[in-house]
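Here is an explanation of the salt bridges in a protein structure. Follow it with the structure open beside the text.

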Amino acid sequence: MDLMTESGPAIYVENLRKEYRGKVAVQNLSLQVEHGEVFGFLGPNGAGKTTTIKMLNGLVRPTSGRLSVLGRPLGDAEARRRIGFLPEQFRFHEWLRASEFLDFHGSLYGLSRLERQARIPDVLDLVGLTGRADSRLRTFSKGMLQRIGIAQAVIADPKLVFLDEPTSALDPLGRRDVRDIIRTLQSRGVTVFLNSHLLGEVEAVCDRVAIITEGRVAAIGPTTDLLNGDHVVEVRARDVSETLLTEIRRRYTVLETNIPSIGSTRDFDGGIQTMDRPGITDCQLVLSVADSAVPGLVELLVRDGAAIHALVPRQRSLEDLFVDIVQVGGDR
Amino acid sequence: MSAVLIFARFTLREAIRKKMVLGVLLLSALFVGMYAYGFSSLRSNFMERVATGDVPLIDFPVFASVMVQLGFYTVNFLSGVMAIFASVGSVAGEVDAGTFHAIVPKPVRRWHIVVGKWLGYALMLTIYVALMCASVLVVSRYIGGYVPPNLVFSSALVVLVSLLLLSLTILGSTVFSSLTNGIVVFMLYGVALMGGVVEQIGRFLQNDTLTNIGVITSLVIPSDAVWRLASSLLQRTGDLSVQVIQTPFTASAEPSPPMVIYALCYALGAVAFSTWLFGRRDL
């Protein structure tokens, strides 16, 4: 069994497409997730994330494309036995007690009564609901339902877990708990496919990330590479000439401009002239610069006579990247 | 345990947990009590008249037979209503609630879910009809002193009626929302009742158009046709006088036995079709 799951990637998606009555939800989506990876799946609302997860879990039939999970074609019972899924709409049969709910879902995985009896306390403990085994789900808060949802996803000791917005109903403490659960799964070699709006969270736990917009992959790669692809550099300098500013704008991507009004008279193009030296200004810029281009930037500043007060490299956040990509998509 | 049985058990448990079974049992006990009271009052009234020399023109078994018909008709109606309302949201309700999202990805086939639910409700209905028919017979035997013929077969036909309605409702539930499904199936059930009456009037007046309308209705939804067969079997004693009294609940023109085969195929076909529809559906 394990030999089978180790062959090929954990998730393989090629040219996946889904149309709902002529409306395209997912178009031409391709990605691959390796075993043991925590994979972040990001995108704005309506980008086709949930539809993709539903297709990977056999809830929605793809219009076209190729899919395999744990090296098996979609719908393969052996593969499904090793897959856990927390749906986005975590609605469960609320008349069940927590232990009965887990027992039912465990039996759907084909676990024997003994295995279920052994697993239920384990997973309740994992999600922090140990004392609530006999409570009815009806009495659970949204956060507790989300936790019990994670518990049913991992009851059969899966090799691959899909978590669709696992922290949407949780408070900050609950979110931290889920992050810990994901790390625990990761340490056990479980592949995690995480769809979340909380970018900080994705950044904290994911080995690799894909950002999708309009049903296709806009960016994919290791989280650190995506975040460090371009350096974001904050420059604070005095005595910056107008020509230098123009040159900087031409060569680099300016993310933010901040010109303090020291002895200012009038604005020109975002800069402020000082009264005694027309065309010269103090400024604070945030630039996106390729790693190799940083020395060139310094040289340019120095050659033009600007006094560099600070040159601070800034870690680009996933949010910056996300906003960049999504806005480009939106502007088209 | 096979997946079908897991879903059947789950369905039964849901019915018990949501107090559906309790509600049905309480109301049914009320019905049986009133039925027994009515039957005994009829009998004592009859005996009084015999004792005072005012002997009725019609023998007591004829009254008793009509009472049994009424009892069976009520069981038939109640189990039909129960079949429809218990299963009206069996698929649609879970689709709307999103509860299938955590179930369908598990290593079970979608048809396991549909057939399992069907089996759970079918068991519930079979036990219910058996209990209710047995109650009617116990009342008839011990209070009325009358045992109708073809008990087991008639009861089985009443079970068939409820299974047929159950299958049709589950099929509707894979297509419509719970509310729409309830309205559609209940209307069809009503049409079947009317179709039966129209067919009987047609035969009585020898009007082929009315008869044909009734026959077509029976083909669209054979629930009433199967009931009429059950009803006519309950009257068949060889004593012609029994068939003198006609009520709207009893059958004069009995449907042909192939109707039973047709109804069975209808029910199985509905279940098969609903598994096919549910199997293709995006959730």
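**Salt bridges, chain by chain**

B:Arg228 and B:Asp224 are 4 residues apart in helix α9 (residues 223-235) of chain B, so about one helical turn separates them. Helices here are DSSP runs of H or I with at least four residues, and strands are runs of E with at least two, both numbered from the N terminus. The model is predicted: local features need pLDDT of at least 70 and side-chain atom pairs count only at pLDDT 80 or more, while totals for chains, interfaces and linings use all residues. Residues are numbered from 1 along each chain as its sequence is written, chains are lettered from A and ligands numbered from 1 in the order in which they are written, and side-chain values use heavy atoms, leaving out hydrogens and water.

B:Arg228 and B:Asp224 form a salt bridge, with their closest N and O atoms 3.1 Å apart. The term means a side-chain nitrogen of Lys or Arg within 4 Å of a carboxyl oxygen of Asp or Glu.

B:Lys117 lies in helix α5 (residues 110-142) and B:Glu94 in helix α4 (residues 92-97), so the pair ties together parts 23 residues apart in sequence. Both B:Lys117 and B:Glu94 are buried.

In chain A, A:Asp103 and A:Arg116 form a salt bridge, the closest N and O atoms being 2.9 Å apart. Both residues are buried.

A:Arg97, A:Glu100, B:Arg13 and B:Arg17 are linked in a network of salt bridges. Over all chains, the whole structure has 20 salt bridges.

Technical notes: Buried means under 20% relative accessible area, exposed over 50%, partly exposed in between (1.4 Å probe, protein chains only).
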